Structure formats: C-alpha cells, structure tokens
Amino acid sequence: MPNTLFTGKVSLYFEEIPSTNDLARQWIVSGDHFPPSNNRPPEGAVVRAASQSAGRGQFGSTWESTAGQNLTFSVIYYPVWLAPERQFDLSRAVALACMLEDHWQIKWPNDIYIGGKKAGGILIENQLQGGRIVASILGIGLNVNQTNFPASLPNASSMALAAGRTFDLESVFDRLLEQLEQRYLDLRAGRTASLRADYLQRLFRLNQPADFLLPDGTRLHGCIRDVADDGRLLLETATGTASFAVKEIAFCP
C-alpha cells in the first residue's frame, strides 16, 4: 500500500480490460456499477490492469505492453480548482511524478524516456463542464520488466533493460503513486513556478541542436528553448522562435 493521503486507497484491479482510462471514465459516470462505493469514485481512485487489449497513447496511438511485466493504470483526480487554460500544468506535474530516477527525462509533451528511449507514456483526459475541469483521468503506462519488444517499437526500453535487473512491480507502483500525489498537491498549492522549472530541467533535448519533422515532411533544424504554459513547444530556428502544438512537429528518428 502506498504511503499516501488518498491516492491509491481505493482501487480496482483487472487481469485484462480494453483500457484503464475507459473504465475509469465509466466508473466516474456510473459509480454504482463498481465496488466498493455506490457513487462516483473518491479522489485518487485507481484502475489498474495487468494487460490492456486496447491501450491508448496520445492522439489515438496504441500502447503495447506485455501482460504482467509492466504497469498500466489510471488515476482519477478532481482538480476543480485548476483553470481549463492551465491544463498543461497538470501534464507537467504528472510527467514529473513519473521521474523515478535522476537520469530519466521527459520527451515533450509527456513521454517517459530512459537513455534516449521511450519507457513509458501518459494520457490525460480532462472532463470539462460549465467552463471548469470537473474530473481528470491520468493514464500511465511504464515499462518495468519487459525486455523484448516488437520490431514495430524500435525505440522502446524499460527499467529492466536500462538497469540490467528486474524490479518488484508493487514497489515501483507504490512509489509512482506517492510521487504522483506529491506533485498533485504541489500543483494544488500553487507551486507552478517550481513545477515549470523542474519540468524544463528534465526535458529531453532542451537547448540541444536537433532536427525535427513538420507534417508535410519538411525537416526543420532548431533548439528547444521552452514549453509555453499552454503546452506548445518553443523552438528556436534560423528564422526566429516558433511555437508548435503536439502533432504539428515531431522529433526526427
């Protein structure tokens, strides 16, 4: 059990479901269908699965994970105090919570990178009503003990591959929940400046010249200088600083 105030104190566990985010959404809408409560889940409730048959990443991409070797789960929070235009502050907090080791990095906007390879991803789905965020579902996938990946994932890695040993899944899970709650509480307390600074410090390829791809296939050379509060990437190029939303630019392989 994690050493938290509320995160992970109520949870549902499944051997296999299509998507933890989807089930978390159903739990919020129809809480009476799911034990142990007969209403909507409490803040910090978790949906976890050993395997997802239809796991999702950002913008409809799929998430592949070997059953029982990794962590795939969703956490439900109710950040009603967070202005919708500051949604990326929550993304920053969640990405930082996933930094379990000092050398891990965040690939914009919130992929988990170990040694220059992807070891995890985050899918945040915010529910808005009446001009405010009424619920957030934080989907997290972290490759822990998987060491073989399909050829379709040439840039995948895991904690086990990076460290040369296996890990206790429950210990990693508890630590993740503890760090997630701490970063969430930092955000709720208004510590956005420190979250922003910590996020930049962890940002993959910050201030390093690199090549990027635009949607039409054009290559663009530049340096990542910052990430705006709306989540747009700020890239310094030969013609000046330009900003890009996700899917408007990609890292070259």
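**Briefing: loops, core and sheet**

R205 is located in the loop that runs between α5 (192-202) and β8 (210-213). The structure is a predicted model.

**Backbone geometry in the loops**

- Most residues other than glycine have a negative phi, and most peptide bonds are trans.
- R205 has a positive phi, near 65 degrees, although the residue is not glycine.
- R205 counts as partly exposed because its relative accessibility is 24%, which falls between the limits of 20% for buried and 50% for exposed.
- K247 also has a positive phi, near 80 degrees, and is likewise a residue other than glycine.
- K247 is placed in the loop between β11 and β12.
- With a relative accessibility of 57%, K247 counts as exposed, because the cut-off for that class is over 50%.
- W108 and P109 are joined by a cis peptide bond, with omega about 0 degrees.
- P109 belongs to the loop between β4 (105-107) and β5 (111-114).

- R48 is part of strand β2, which spans residues 46-52.
- The relative accessibility of R48 is 11%, so the residue counts as buried.
- A polar contact of 2.8 Å links the side chain of R48 to the side chain of E170.
- Beyond its neighbours within four places in sequence, R48 is in contact with residues including L12, Y13, F14, T20, L71, F73, L169 and F173.

**Nonpolar cores**

- The largest nonpolar core has 57 residues, and L71, F73, L142 and Y199 are those that touch the most other members.
- Helix α4 (residues 169-188) supplies the largest share of this core, with nine residues.
- Another core, of 13 residues, lies apart from it; W27, I28, V47 and I137 are among its members.
- L71 is in contact with R48, and also with I140, G141, L142, V144, L169, V172, F173 and L176, when neighbours within four places in sequence are left aside.

**Antiparallel sheet**

- Strands of a sheet pair through backbone hydrogen bonds, either parallel or antiparallel.
- An open sheet is formed by five strands in the order β11-β10-β9-β8-β12, with antiparallel pairing.
- Strands β11 (240-244) and β12 (250-251) are at the edges, each pairing on one side only.
- Four bridges connect strand β9 (residues 219-227) with strand β10 (residues 233-237) in the antiparallel sense.
- I224 has L235, in β10, as its bridge partner.

Notes: Residues are numbered from 1 along each chain as its sequence is written. This is a predicted model: local features need pLDDT of at least 70, side-chain atom pairs count only at pLDDT 80 or more; totals for chains, interfaces and linings use all residues. Side-chain values use heavy atoms; hydrogens and water are left out. Helices (H or I, at least four residues) and strands (E, at least two) are DSSP runs, numbered from the N terminus. Buried means under 20% relative accessible area, exposed over 50%, partly exposed in between (1.4 Å probe, protein chains only). A polar contact is a pair of N or O atoms within 3.5 Å; within protein, one must be able to donate a hydrogen and the other to accept it, and residues adjacent in sequence count only if both atoms are side-chain atoms. Contact means heavy atoms within 4.5 Å. Two strands pair if DSSP finds at least two bridges between them. A nonpolar core is a set of buried Ala, Val, Leu, Ile, Met, Phe, Trp, Tyr and Cys residues joined through side-chain atoms within 4.5 Å.
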